Amino acid sequence: MTAAAPGEGGAAGAAGEGDRLGGPALRLTVLVGENDRHHHRPLYSEIVHRARAAGLAGASVFRGIEGFGASSLVHTARLLSLSEDLPVAVVIVDTERRVRAFLPELDGLRPAGLVTLERCEVLRYAGPDGATGHGTGEGGA
């Protein structure tokens with residue numbers, strides 16, 4: 001499968017923008033700690049729910065097995081370690097316009113971790129039955 005040429009389609013869009021198979025996109029990655037909270041909800045969960053409410057194409061959460069951040073304290077999932085505050089990455093991929101429109105939501109959450117934006121190219125965006133589209137509920141970003 002080949003990706004759409006720049007300007008032809010774009011990344012997987014939200015409902016109402018039409019289904020698209022590929023093209024230029026923006027990947028938002030938010031690195032936080034597993035124990036970071038927004039009110040009483042895990043911060044990573046709050047970000048995912050806000051991304052869904054904003055109509056973004058998808059979001060996925062990845063739990064790290066080891067890492068360190070600004071504090072230089074290493075968090076690890078090794079058996080002998082008691083650390084439960086493992087690194088968590090929330091990854092969101094959508095069109096640049098939609099991702100940038102979502103950034104003020106993150107400002108409101110004030111995540112204590114690292115936030116990055118990277119240009120990428122979507123090669124395929126499909127649900128488990130092979131149909132493209134928004135809201136399949138499977139796979140995330």
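Reader: Which residue in S8 does Leu31 stand opposite?
Author: Leu31 stands opposite Leu114 in S8. Before going on, please note that this is a predicted model, in which local features need pLDDT of at least 70 and side-chain atom pairs count only at pLDDT 80 or more, while totals for chains, interfaces and linings use all residues. Residues are numbered from 1 along each chain as its sequence is written, and side-chain values use heavy atoms, with hydrogens and water left out.

Reader: How many bridges join S1 to strand S8?
Author: There are 9 bridges between S1 and strand S8 (residues 114–122), and the two run antiparallel. Strands here are DSSP runs of E with at least two residues, helices are runs of H or I with at least four residues, and both are numbered from the N terminus; two strands pair if DSSP finds at least two bridges between them.

Reader: And what about S1 and strand S7, how many bridges there?
Author: S1 is joined to strand S7 (residues 87–94) by 8 bridges, and these strands run antiparallel. One example is Leu26, whose bridge partner in S7 is Asp94.

Reader: Why is S1 called largely enclosed?
Author: Strand S1 (residues 23–33) has 8 of its 11 residues buried, so it is largely enclosed by the rest of the structure. Buried means under 20% relative accessible area, exposed means over 50%, and partly exposed lies in between, using a 1.4 Å probe and protein chains only.

Reader: Changing topic, which residues are buried in helix H1?
Author: In helix H1 (residues 43–53), the buried residues include Leu43, Ser45, Glu46, Ile47 and Ala51. What covers the buried residues of H1 includes S1, S7, strand S2 (37–38), strand S3 (41–42), strand S4 (59–63) and helix H2 (96–109), where contact means heavy atoms within 4.5 Å. Just after H1, Gly55 takes a positive phi of about 80 degrees.

Reader: How many salt bridges are there?
Author: The count comes to 8 salt bridges, a salt bridge being a side-chain nitrogen of Lys or Arg within 4 Å of a carboxyl oxygen of Asp or Glu. One of them brings together the side chains of Arg63 and Glu34, at 2.8 Å from N to O. Arg63 lies in strand S4 and Glu34 in the loop between S1 and S2, so this pair ties together parts that are 29 residues apart in sequence.

Reader: Are those two buried or exposed?
Author: Arg63, at 54% relative accessibility, counts as exposed, whereas Glu34, at 17%, counts as buried.

Reader: What does Arg50 form with Glu46?
Author: Arg50 forms a salt bridge with Glu46, and their closest N and O atoms are 2.8 Å apart. The two are 4 residues apart in helix H1, so about one helical turn separates them. Arg50 counts as partly exposed at 21% relative accessibility, while Glu46 counts as buried at 13%.

Reader: Where is Glu105, and what does its side chain meet?
Author: Glu105 is found in helix H2, and its side chain meets that of Arg50 in a salt bridge of 3.2 Å, N to O. Because Glu105 lies in helix H2 and Arg50 in helix H1, the pair ties together parts that are 55 residues apart in sequence. Salt bridges that share partners join Arg41, Glu46, Arg50 and Glu105 into one network.

Reader: How far apart are Glu105 and Ile47 in space?
Author: Glu105 and Ile47 are 8.3 Å apart in space, C-alpha to C-alpha, although 58 residues apart in sequence.
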